[in-house]
Amino acid sequence: MSAKSAVTEFPVPAIDQVGVQERAAKFTKRSIKNEAKLAGLKMAVSMMDLTTLEGADSPGKIAQLCRKARQPMAERYDCPPVAAVCVYPSMVAETKRHLAGTKLGIASVATGFPSGQYPLEIRLDDVRDAVAQGATEIDMVISRGTFLSGGFETVRDEIVAVKEACGDAHLKVIFETGELQTYDNVRLASQIAMEADADFIKTSTGKVSPAATLPVTLVMLEAVRDFYYATGKKIGVKPAGGIRTAKEALQYLVMVKETLGDDWLTPDLFRFGASSLLRDVEFQIAKMVDGNYQGGDYFSLG
Amino acid sequence: MTDAKKQTTPALSFGKAWDYAPAPETTPVPLQKSYDLFIDGDFVKPKSGKSFWSINPATGKRLARIAQASEADVDRAVKAARKAYEGAWGKMPASERGKYLFRIARMIQEKARELAILESMDGGKPIKESRDIDLPLVAAHFFHYAGWADKLDYAFPGRKPQSLGVAGQVIPWNFPLLMAAWKIAPALACGNTVVIKPAETTSISILHLAQIFQDAGLPDGVVNIVTGAGDVGAALVEHPDVDKVAFTGSTEVGKKIAAAVAGTKKKLTLELGGKAANIVFEDAPIDQAVEGIINGIYFNQGHVCCAGSRLLVQEGIHDEIIRKLRDRIQTIRVGDPLDKNTDIGAINSKEQLQRICELVDSGVEEGAELVQPSSCELPSEGYWFKPSFFTGVTPSHRIAREEIFGPVLSVLTFRTPEEAIERANNTCYGLSAGIWTDKGSKIFKLANQLKAGVIWANTFNQFDPTSPFGGYQESGFGREGGRHGLAAYLK
């Protein structure tokens with residue numbers, strides 16, 4: 001797959017599995033202490049797409065989540081709001097209502113999330129509908145079956161079509177890396193999505209295991225770097241699913257900082273897709289501010 | 001010199017948007033004010049009564065006094081080793097020898113953290129490396145050879161392997177404890193006794209290892225440690241009652257030792273310098289290759305005999321690789337070896353820093369372009385050198401031929417595999433090489449034609465006690481590690 005791939009304008013280099021895993025593991029050796037830790041944790045909160053993607057989601061649940069998103073912790077902790085709330089299309093209008101007057105993004109999964117196994121027109125309607133109801137960010141899924149059977153052009157054309165359907169809404173393209181399986185596939189999918197005008201590339205739906213991992217995210221960050229070198233365009237990256245601890249979040253931030261540099265340390269270019277991460281980050285922020293851990297009952301549900 | 005930041009736009013910015021707070025290693029260590037010789041199971045004063053300072057290269061300040069051995073002390077140590085060889089150790093069943101080695105290996109693991117800190121304080125290497133690489137490998141070497149002790153007949157079927165006697169060993173300052181393990185563990189496993197001399201700038205950690213030998217109940221005289229400079233090493237290798245000489249260090253000293261040992265009954269193994277070619281093809285996994293280049297040259301401040309110090313890049317990807325290296329060196333953290341986030345620590349000594357500077361100056365004078373990170377601030381005290389690389393290097397530059405032994409890479413290019421082999425082999429050394437390509441057949445073709453003792457494919461600087469290590473040509477002879485490493489200590 002090295003040098004030129006037939007579907008992409010720019011070369012897609014090979015990925016060595018052992019090497020990329022070894023490199024990713026090195027980021028976990030950084031020791032983040034004191035003021036750097038507190039700043040990192042607050043940055044992680046500001047980059048969070050607070051997510052609920054359950055069949056049981058209801059207006060009440062959305063109200064609860066949006067309140068938490070706007071103010072995750074008591075005022076004295078000086079904790080920023082999250083970046084966006086991420087929901088199913090049917091919950092977009094409700095989310096918009098609760099986030100009115102804030103700068104928080106309204107992210108909606110669409111395109112037949114999580115499988116994407118629906119006719120293209122239905123998937124596009126799904127997007128248009130979510131945008132019409134107020135979604136400012138669309139998290140689409142690619143057709144993994146099509147990708148794995150070699151239909152790279154189809155995958156690209158579908159992303160282009162979804163992007164068009166998005167209008168002004170930001171497009172995040174989910175690869176479901178757990179189904180693409182190889183790092184080479186992830187690197188190629190990243191290149192296809194970026195060339196098809198994605199604003200963000202995202203690892204996973206959270207419905208398939210493994211979801212986000214450090215090495216798979218590193219492959220995507222490196223693809224983003226090469227695309228930036230080649231075109232000057234800054235693409236965002238969103239690992240999603242499986243990131244549950246503050247420690248892991250800091251490891252991702254270390255990796256972003258040392259791979260793409262300062263410019264990517266912003267919610268505009270890096271997001272965490274997470275439902276349970278916020279809770280552990282809250283625990284750790286409170287520990288740093290108050291000097292001791294507190295029981296779970298002292299933290300509000302999201 | 002050019003600034004690594006000065007490059008074609010769009011450029012990445014590696015500033016201080018989110019800077020890491022200091023993360024110093026704080027475990028207390030039992031550093032002594034002075035250290036004696038270790039002879040016949042005891043710590044003893046040198047006959048001369050003299051001593052010298054060991055310096056912390058990260059501060060340039062004095063760390064501890066080290067006993068200065070004389071010829072008489074070396075003679076005392078060799079006699080103790082001979083007595084132990086003819087006594088308790090020589091008569092001991094092999095399985096019992098193995099038990100001692102297993103016990104030592106376990107005790108090293110227990111004391112790994114304090115040994116790692118001492119190693120970083122005395123030698124300048126980052127705690128991240130002494131903690132995660134040096135010490136685990138030290139223990140692994142003792143474990144590996146402990147297992148061989150009672151299986152020597154199976155290592156060399158059809159022979160009845162016999163120990164040699166007293167081994168005189170001289171080790172360098174770049175991996176003080178690890179080199180001690182590489183030398184001591186196989187020697188003891190094979191039933192020999194040892195007199196070993198560490199480098200004068202890094203004597204402390206091996207003397208703490210001596211305490212472990214004592215605590216493990218290793219019989220007196222099995223391992224003896226004499227500290228001092230080159231004259232002590234010379235006295236050791238020239239001692240008439242030494243049966244085997246093993247040396248790791250510079251090619252220059254290696255040649256002197258070879259001359260001194262010539263015409264004697266002594267067996268000799270030498271592990272000397274290197275100028276390894278790290279060859280990157282257009283079809284390589286580029287980002288992993290960049291990491292391999294970084295690890296190949298900046299690991300342990302570049303104080304590595306098998307460092308990938310000559311980068312051979314296929315012309316078509318030269319600019320891409322250089323651009324990525326320019327960005328990558330911006331994120332390397334140089335500073336306090338005891339900070340857990342430090343990637344490059346202090347240069348081991350003033351003398352070594354002078355040698356690096358001299359060779360780097362020659363590179364600039366001869367017309368190569370020096371690239372260093374723009375934002376790297378070095379501490380005001382101690383011995384430091386920024387991670388650096390030269391572009392526009394040709395095979396006739398001094399920086400392409402001589403071992404710099406510092407964090408300085410020379411970048412050359414090639415067009416075809418044949419040219420890569422020709423350029424890689426155009427050196428008086430032959431210790432290691434690296435090959436980066438996604439094509440398996442190319443790896444095997446090149447590996448067969450490269451004159452190097454160790455060849456890594458799509459990785460670099462990986463060490464394991466099961467894998468033999470050693471060189472061709474002026475990189476020395478003999479192998480250390482694995483089954484092959486036993487042969488040097490047996491007849």
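Me: Where does A:Asp197 lie?
Reply: A:Asp197 is in the loop between α9 (183-195) and β6 of chain A. Helices here are DSSP runs of H or I with at least four residues, strands are runs of E with at least two, and both are numbered from the N terminus. The model is predicted: local features need pLDDT of at least 70, side-chain atom pairs count only at pLDDT 80 or more, and totals for chains, interfaces and linings use all residues. Residues are numbered from 1 along each chain as its sequence is written, while chains are lettered from A and ligands numbered from 1 in the order in which they are written.

Me: What is stated about phi of A:Asp197?
Reply: A:Asp197 has a positive phi of about 80 degrees, although it is not a glycine.

Me: Why is A:Asp197 called partly exposed?
Reply: A residue is buried if 20 or more other C-beta atoms lie within 10 Å of its own, exposed if 12 or fewer, and partly exposed in between, with C-beta atoms placed from the backbone. A:Asp197 has 16 other C-beta atoms within 10 Å, and therefore it is partly exposed.

Me: Is B:Asn458 buried or exposed?
Reply: B:Asn458 has 21 C-beta neighbours inside 10 Å, so it counts as buried. B:Asn458 is located in the loop between β18 (454-457) and β19 (476-477) of chain B. Its phi is near 55 degrees, a positive value in a residue other than glycine.

Me: Which peptide bonds of chain A are cis, with omega of about 0 degrees?
Reply: One such bond joins A:Phe113 and A:Pro114, and another joins A:Ser209 and A:Pro210. A:Pro114 is in the loop between β3 (105-109) and α5 (120-133) of chain A. A:Pro210 is in the loop between β6 (200-202) and α10 (214-231) of chain A.

Me: What makes a set of residues a nonpolar core?
Reply: Such a core is a set of buried Ala, Val, Leu, Ile, Met, Phe, Trp, Tyr and Cys residues joined through C-beta atoms within 7 Å. The largest nonpolar core has 105 residues, of which A:Met48, A:Val85 and A:Val173 touch the most other members. The largest share of this core, 10 residues, is supplied by α10(A). Apart from this core lies another, of 90 residues, including B:Ile117 and B:Phe175.

Me: Which residues does A:Val85 touch?
Reply: Two residues are in contact if their C-beta atoms, placed from the backbone, lie within 7 Å. Leaving aside residues up to four places away in sequence, the contacts of A:Val85 include A:Leu50, A:Leu65 and A:Ile106. A:Ile106 is also the bridge partner of A:Val85 in β3(A).

Me: How do you know that β2 and β3 of chain A pair?
Reply: Two strands pair if DSSP finds at least two bridges between them. Strand β2 (residues 84-87) of chain A and β3(A) are joined over four bridges, in the parallel sense. They belong to an open sheet of eight strands with parallel pairing, in the order β7-β6-β5-β4-β3-β2-β1-β8 (chain A). β7 (236-238) and β8 (272-274) of chain A are called edge strands, as each pairs on one side only.

Me: How many bridges join β2 and β6 of chain B?
Reply: Two bridges join β2(B) to strand β6 (residues 61-67) of chain B, and these strands run parallel. B:Ser34 stands opposite B:Arg65 in β6(B). The open sheet has three strands in the order β2-β6-β5 (chain B), with mixed pairing.

Me: Why are β2 and β5 of chain B placed at the edges?
Reply: β2 (34-35) and β5 (51-56) of chain B each have a single partner strand, so one side of each is left without a neighbour in the sheet.

Me: Which domains make up chain B?
Reply: Chain B is divided into domain 1 (34-272 + 474-487) and domain 2 (274-465), with bounds from an automatic or database domain assignment. Their centres, taken over C-alpha atoms, are 29 Å apart. In all, 24 residues of domain 1 of chain B are in contact with 28 residues of domain 2 of chain B.
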